[in-house]
Amino acid sequence: MTSTTDKIKGAANELVGKAKQGIGDATNNDKMKADGAAQELKGKAQTTVGDAKGAVKSATDKL
């Protein structure tokens, strides 16, 4: 995956994770809240990977 793809998928997972947490809060569903938190963390990790790939690409482009 490219850095941009990782960043987009990461942002989407963060958004869906936050939505799941909100639905879990509204419905008092602990499993939904936990699933949402896990998905949000996955999204943050994907975004971080995308940022790292972008930094490496920028560094190698300068060489």
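Mentor: Begin with the handedness of a helix crossing. In this predicted model, α1 and α2 cross in a left-handed way.

Trainee: At what angle do α1 and α2 pack?

Mentor: The angle is about 165 degrees, and the two axes lie 7 Å apart. An angle over 145 degrees counts as roughly antiparallel, so α1 is roughly antiparallel to α2.

Trainee: How do the residues of the contact of α1 with α2 divide?

Mentor: They comprise six nonpolar, 13 polar and 13 charged residues.

Trainee: Let me turn to one residue. Where is Asn13 placed?

Mentor: Asn13 belongs to helix α1, which covers residues 3–27.

Trainee: Is Asn13 buried or exposed?

Mentor: Buried means a relative accessible area under 20%. Asn13 has 14%, so Asn13 is buried.

Trainee: Which residues does Asn13 touch, leaving out those up to four places away in sequence?

Mentor: Asn13 touches Gln39, Glu40, Lys42, Gly43 and Gln46. With Gln46 there is also a polar contact between the two side chains, at 2.6 Å. Helix α2 spans residues 30–61.

Trainee: And Asp30: is that residue buried or exposed?

Mentor: The cut-off for exposed is over 50%. Asp30 has a relative accessibility of 54%, and therefore counts as exposed. Asp30 lies in helix α2.

Trainee: How far apart are the C-alpha atoms of Asp30 and Lys18?

Mentor: They are separated by 14 Å, while along the chain the two residues are twelve residues apart.

How values were computed. Residues numbered from 1 in each chain as written. Predicted model: local features only at pLDDT ≥ 70, side-chain atom pairs only at ≥ 80, totals over all residues. Heavy atoms only, no water. Helix = DSSP H or I, 4+ residues; strand = E, 2+ residues; numbered from the N terminus. Buried < 20%, exposed > 50% of the residue type's maximum accessible area, 1.4 Å probe, protein only. Polar contact = N/O pair within 3.5 Å; in protein donor to acceptor, adjacent residues only side chain to side chain. Contact = heavy atoms within 4.5 Å. Axes fitted to C-alpha atoms, helices over the stretch in contact; angles between N-to-C directions. Parallel < 35°, antiparallel > 145°, perpendicular 65-115°, else oblique. Left-handed = near helix turned anticlockwise from the far one by under 90°. Nonpolar A, V, L, I, M, F, W, Y, C, P; charged D, E, K, R; others polar.
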